[in-house]
Protein chains: 2
Amino acid sequence: MLWSKFFIPTLKETPQEAESISHQLMLRAGLVRMLIAGVYSYLPYGLMVLENIQQVIRQEMDKTGANELLLPALQPLELWQKTERDKLLGQVMIKFTDRRGRRMCLGPTHEEVITELVHQHISSYKQLPLILYQIQTKFRDEIRPRFGLVRSCEFIMKDAYSFDIDEEGLDRSYCLMHQAYERIFTRLGLKCLTVEADSGIMGGSLSHEFMVPASCGEDLVWLCPNCAKTAPFKDTDTKQCSVCNTNMQKINTIEIGHIFKLGTKYSQALEAYFQDEQGRLKPIIMGCYGIGVSRLIATIIEQNRDENGIIWPIEVAPFKVIIIPLDVTNSSIMEKASVLYQKLSQEDIPVLMDDRNERAGVKFKDADLIGVPLQLILGKAVQEEGLLELKQRKTNTKISADDSVIFSKIKEAIYER
Amino acid sequence: MLWSKFFIPTLKETPQEAESISHQLMLRAGLVRMLIAGVYSYLPYGLMVLENIQQVIRQEMDKTGANELLLPALQPLELWQKTERDKLLGQVMIKFTDRRGRRMCLGPTHEEVITELVHQHISSYKQLPLILYQIQTKFRDEIRPRFGLVRSCEFIMKDAYSFDIDEEGLDRSYCLMHQAYERIFTRLGLKCLTVEADSGIMGGSLSHEFMVPASCGEDLVWLCPNCAKTAPFKDTDTKQCSVCNTNMQKINTIEIGHIFKLGTKYSQALEAYFQDEQGRLKPIIMGCYGIGVSRLIATIIEQNRDENGIIWPIEVAPFKVIIIPLDVTNSSIMEKASVLYQKLSQEDIPVLMDDRNERAGVKFKDADLIGVPLQLILGKAVQEEGLLELKQRKTNTKISADDSVIFSKIKEAIYER
């Protein structure tokens, strides 16, 4: 991609509307723009980040044998009346009456719809276990949307649902999802904590939250500074670690994932029964597993940045390399830049070329801001000695070398993680 | 993918709710399920089809230099009041008041939102031309949703928007999109007609519709049976072809794409101005370009099917090959099936293995129904003579041969189009 052909409106100034650092950087790096409070447009660069995150999630979900589908946002309210969750969700749920007089809502989550679908198609133990998931847009009428994509009214979630014949089956599915979540968050460059949590409006017997420490986080968690054990935050009394007796500390976190053992709450309410081996009719045992996909963008930035901007983890980075020719009026430098661009593209390494006629300082600042992991700088040394300069965004280390050394360094950085 | 691990509920009987052949086949082949009238869930197989279609659209859009982004479904109604389209759309637009008292709507299209975005970021002729597009979910409160995905209340569109400094620029952008549409529809296996059309609620000076002949189509078009010239259908008087004077025939079609020269309607209403080379302030000249993405699934099926089921065009097919071992209790046949499955997977050829313990008749019927282009059948001849059977779904031709011949035939069918 050429910068001149890419709609990436970076900002020098920090927008006043942004309260958190990730929100500031998302606006400054041209990832998103606010339409109204809690509602955002993903600009091209932001969408590329989003797609890379979704790719990692899909790969890890598919590895567990889960099947991806796509459920609708429009839902009949009567489905929610059957589980009585219309009352529980209250004003958070966006409701309207359609022109034929039917009460409708926009799905804030999909337990009801998926259970209804499974009810229609699963009737025997032979068809179980089954895990279904989707990556889809949810709607919630937040009273106080905040921090850009962290708490918004229209957001993208990965929601998975497991269907089993018994508690042992649910344990296996729950464990599969738990492990997949660990792999996903590691690949996305996140250090996260797991906390046993309240099941809240979902219901069910057990749940775990995946929490990322971040100064703008609004969810408090007890963390032992000695052994890293966590505990749910329920009251303000200082808690003692159950492992090492140390006084625990209260830290701010952002919730990025939540997994629940639901049991039979939804299958009973919506009559999703199956016949077991003895021919007895039983409610399907369910679990549900969410990841806040759009929120992940903000969270990854909170943990992967410095004073100059974003530092994308390799798997998330839309471009692995940015080529920066310092003087675009110099034809021999531009020829060299073009050869390098072709070569990287041919090797399927996503590359951005800053072909703008801007001062070196502007280009360096923008390259740091938008967080491309590797900067390939073409200055005077290219012409004089045939040397390229490679800067690692994360470590700020630079090397000067010829093409072949630089290329092997690039591949090392991308593939040898 | 193994059939036994794939959530693909095929139906032997034709569901009563389905009025058109494509709708019947979509339900029978386990592509979609209705939640309520006009609202559908994509099951895993349907989602795979949808993603392949989106992939083709993205590739052809990106070739034109267009940038992909993602705009929100939630929109403030005031934006629509500025262009006065809130009145034009009337009850088709889903509206509600949020809990803070703001009048909101669900986007039935995005001219207003994208013009507002461009208004914020484009100020100079140097930043133009620009083409932005998205693949996104739209909402319309249809009074009479019909034919499954052909006319539904929640549907997926590709909508692109071009921004130019003058009419010549708009002509170029319009032509680029027109050509991209031709390539997209050809790759998707569709024979379509282009018709000069009414601009309707979009406004603007010129528009073209892309229409696919289909018996269930509700849009009438005049077509010359002699020279294939088309004309828009405006009245019922028989029209004469302007090229060859033949009496034109009225045919039923489905609209799959519509491109518009919008001019300055939106840029003026929303103050999207730019400075030209002389420093004069001018409204940006716009075009918009839509494709009904979810509707394409139905349309492709209408044109690519026979009495036994769907016949996916190669680019659309989620699986290019289905391996059908006729006796899954025979371990040597299953071993052979497994080796073939591995080999195809290693070559990145998407393959489905029907590992169900079902009668041959059931397997053949399902394979035809779900429309996999190539069927690789392992019957008795595998054991006795080492021969595989390859059936082309489209032509119904079969060959028996050894592995190497069969593999070269498979690659020929997939890559040498």
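Let's start with chain A: of its 417 residues, 48% are buried. Keep in mind as you look around that this is a predicted model. Along its principal axes, the C-alpha atoms of chain A fill a box of roughly 80 × 60 × 45 Å. Within chain A you can find 12 helices and 23 strands. How do contacts in this chain relate to the sequence? Among those between residues at least 6 apart in sequence, 68% join residues at least 24 apart.

Now look inside. The largest nonpolar core has 253 residues, and the ones that touch the most other members are Ile297(A), Ile323(A), Leu376(A), Ile297(B), Ile323(B) and Leu376(B). Take Ile323(A) as an example: leaving aside residues up to four places away in sequence, its partners include Ala337(A), Leu340(A), Val351(A), Met353(A) and Leu376(A).

Next, see how the two chains sit together. A rotation of 180°, with 0.0 Å of shift along its axis, superposes chain B on chain A with an RMSD of 0.0 Å. The two copies are therefore related as by a two-fold rotation axis. Which residue of chain B comes closest to the rotation axis? It is Phe96(B), with its C-alpha at 3.1 Å. Both copies use the same surface, as 98% of the contact residues of chain B recur in chain A.

Finally, visit the place where the chains touch. Here 41 residues of chain B are in contact with 40 residues of chain A. On the chain B side, the elements giving two or more residues include α2 (44–63), α5 (111–121) and β7 (130–139). The residues of this side divide into 27 nonpolar, 7 polar and 7 charged.

Definitions and conventions: Residues are numbered from 1 along each chain as its sequence is written. Chains are lettered from A and ligands numbered from 1 in the order in which they are written. This is a predicted model: local features need pLDDT of at least 70, side-chain atom pairs count only at pLDDT 80 or more; totals for chains, interfaces and linings use all residues. Two residues are in contact if their C-beta atoms, placed from the backbone, lie within 7 Å. Helices (H or I, at least four residues) and strands (E, at least two) are DSSP runs, numbered from the N terminus. Ala, Val, Leu, Ile, Met, Phe, Trp, Tyr, Cys and Pro count as nonpolar, Asp, Glu, Lys and Arg as charged, and the others, Gly among them, as polar. A residue is buried if 20 or more other C-beta atoms lie within 10 Å of its own, exposed if 12 or fewer, and partly exposed in between; C-beta atoms are placed from the backbone. A nonpolar core is a set of buried Ala, Val, Leu, Ile, Met, Phe, Trp, Tyr and Cys residues joined through C-beta atoms within 7 Å. Copies are superposed by least squares on the C-alpha atoms of residues with pLDDT of at least 70 in both.
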